[in-house]
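Reader: I am new to this structure. Please show me how to read it, feature by feature.

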Amino acid sequence: MLPVNEDSSRWVYRWAMLVTLLTFPLIWLGGLVTTHDAGMAVPDWPGTFGYNLFLYPWSAWLYGPFDLFVEHGHRLLASLVGLLAICLCVVAYRNEKRTWVRNVCFLFLAAIISQGVLGGARVLLDARTAAMIHGCTGPLVFALGSFILMACSSDWRRATQDGSRIPVSRGLLRFSYLLVLMSIVQLFVGAQLRHAQPTWLPPFFTSIVHTHLLMATLITLSIFGICVLVRTDHNRRVMELRLPSNMLLIVVLAQVALGLATWVANYATPWVELTPWLANYTLQGKGFWESMIVTGHQATGSLLIVFSLWMVCRVATRTKKAEKAQPMINDTTIHQEKATELVAVGSTV
Amino acid sequence: MFFDIHHRFPRFLQASLWLFSTALGMVLCGCNSEKIEFRSNQLHAASISMDLTPPDIRQLADRAKGATEQLLGTADLPTWPASVLPPIDMEKVVRSSGPVGRDQSKVERGLFRKHCVQCHGISGDGRGPSAALLAPYPRDFRRGSFKFKSTPIGKKPTHSDIVRTLEQGLPGTAMPAFGTLSDSKEFVDDVDALAHYVRFLAIRGEVERRLLVALSEQEVDESTSLAILTRVANDWLAADSHSVQRPEWVANPSEDGRMESVANGKALFESEWTACVKCHGVDGSGNGTSQDFDDWTKDWTIRAGIDPAHKSEWKSMKKYGALKPVIDRPRNLKLGALRGGTSRGDIYLRLVLGIEGSPMLPVAKKENGNPGLTEEDIRDLVEYVHFLSENTRNISLSQEVQHASSE
């Protein structure tokens, strides 16, 4: 394992933070494109109605139809993220000492370019299938950007260099890996629902909905399981696991609520006669709140993948230590080590 | 090796990449790349030819679909024969059809696939991908029957009836209101174009059904097909002439007078003459003893000799696209969500015209010497239903009604 130079990684971290923070709104805009079926609002690519992408009149963009506004905005933001990803690669190439991190940065750039090409193929071929793949891979690119951020974070450095000697259970690691896997599968299933083909028969769509619900239940239970695991046995002493597990819990609860709201916003509630309000509620076709709820459910799904990956990072960097060092370290050893550290800090002061 | 530094994350990343490529491959392989075209009406073919084998039923349905396509084109490019007077604007129909998107002139196409296809299906058969999960099921346009309209049962709805449903939606159902789209001229045009396309699908579906019947008996030539289309088109052309205007309603200015009207309406509601309580229940909450299926269900069940209440009988029709038969529940009037509209004018239309395809029949009017309700009686009944549907006032006003009745 090569040492991580904190100073050299800091700039990579900052750039990765910038790119990742911009990728999330890009996911939102992409979700709005799907919600408003705006993928073909601009019939040409890479230009916009014959103009160069960056030279399309802003008044025609901002004051034009909403689907054109969303689609062109998605393309502009994607271009910006692509340019910033190039900058990230340059910064990583010049500053990052770890070869594999540099390689992941280049992989990230390649993924963003591929996303752009896939988006272009969706327009030029007018293929909903390409739109669905584009919608599936978008959150994965977001997760890759977030992974660079995690790899350059101070927590990663501390965990891999200074070495937390508190072992983390392998069960937690397995659970975390499983959660990432299930979140990605759930993303794919959800993308199928979002890009349902008009020719699908009702039983097929129904089976996908049931799969989505089953996966949602499994993911929610897994997150509850992780939250319990980080608070039991020796895991409870690793305070760095608390934040990602708490965030996972918040995100999954929000996601379940958004999922229910998405169903109501799309298809109304099946129990309309429960209350007069439900009975009288009329859905608004392409309404603002309906669009935001549906798109928010999709965007939060990508956050779930990122936070699952975050959990994996925090657990795996610590589990590895436990394997190499001692399989179990008792409380006395930990107290002794902490006491030694305190003495060292005291002497420095 | 690409990742040779950190022994666990490289493996994890490699596993993720492998998983990603595999899943992508699965998505690509699983993608439904079939051409988008109208679906044949196998369900109707099966219901009129129960003695045929499944392959023969499919073949019959495909032949009817082919003959309909020759007349009215495809899902991507609808057409209309020059020799038949169209009741619809074909330019708007073409704009609403086909894949979603804008052309270089920024005109949007594919409005039906953008807004409607998910529930109503590509042929307007009410078998869109999400149909099985909705309550009530999305409307099947192919019988040419619509519930909420200003024309009597058996007559086609007017263009403005369909625009009205599109703009206002149906409360408590998955049918949204596209009123928000009316904010700009483009969206007003969109709703108008969609209404034309809905009528086109209804005409197309009805022509296909009639062709199915004709083809089940003999070969059909072009002139027969054109004659069938002409008959269906004429029905739609005549829709406006059957339209009943919503009455200008002048509410009784005095509360006492209104309550008296409500009390009279209540008596009529509970009388055997109107039989409202049979379905809607004594208190109007929809808990009457009569439970029935709608005409869209009866079309492929009871009329084909199948009992919709027994799965062992109707499940044989599932392979032709049938959804589970569901009881057409009478409206709970106390909830206020009257899908045909909540104004007194809307309620009046529902009473005098009924709701096509449902067990809700029009009230018998006293005219030409026939016994029935007078105009005044109908207005009292409207007042009572309107009073019931104002659910926020139910508790206090019900006491007033009882008081007025006792007086």
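**Helix packing and domains**

Author: Helix H7 (residues 170-194) of chain A packs against helix H8 (residues 202-229) of chain A at an angle of about 155 degrees, and their axes are 9 Å apart. Axes are lines fitted to C-alpha atoms, for helices over the stretch in contact, and angles run from 0 to 180 degrees between N-to-C directions. Helices (H or I, at least four residues) are DSSP runs, numbered from the N terminus.

Reader: How are H7(A) and H8(A) oriented, roughly parallel or roughly antiparallel?

Author: Angles under 35 degrees count as roughly parallel, over 145 as roughly antiparallel, 65 to 115 as roughly perpendicular and the rest as oblique. Their angle therefore makes H7(A) roughly antiparallel to H8(A).

Reader: Is the crossing of H7(A) and H8(A) left-handed or right-handed?

Author: A crossing is left-handed if the near helix is turned anticlockwise from the far one by less than a right angle, and right-handed if clockwise. H7(A) and H8(A) cross left-handed. Their contact has 17 nonpolar, 10 polar and no charged residues. Here Ala, Val, Leu, Ile, Met, Phe, Trp, Tyr, Cys and Pro count as nonpolar, Asp, Glu, Lys and Arg as charged, and the others, Gly among them, as polar.

Reader: At what angle do helix H4 (residues 99-125) of chain A and H5(A) pack?

Author: The angle is about 160 degrees, with the axes of H4(A) and H5(A) 9 Å apart. So H4(A) is roughly antiparallel to H5(A). The crossing is left-handed.

Reader: Now the domains. Where does chain A divide?

Author: Domain bounds come from an automatic or database domain assignment. Chain A has domain 1 (8-152) and domain 2 (162-334). Their C-alpha centres are 24 Å apart. The contact takes 18 residues from domain 1 of chain A and 20 residues from domain 2 of chain A. Two residues are in contact if their C-beta atoms, placed from the backbone, lie within 7 Å.

Reader: Which element gives the most to the side of domain 1 of chain A that touches domain 2 of chain A?

Author: H5(A) does, with 11 residues.

Reader: How many Å separate the domain centres in chain B?

Author: The C-alpha centres of domain 1 and domain 2 of chain B lie 33 Å apart. Across that boundary, 10 residues of domain 1 of chain B contact 11 residues of domain 2 of chain B.

Reader: What conventions apply?

Author: Residues are numbered from 1 along each chain as its sequence is written, and chains are lettered from A and ligands numbered from 1 in the order in which they are written. In this predicted model, local features need pLDDT of at least 70, side-chain atom pairs count only at pLDDT 80 or more, and totals for chains, interfaces and linings use all residues.

Definitions and conventions. Helix = DSSP H or I, 4+ residues; strand = E, 2+ residues; numbered from the N terminus.
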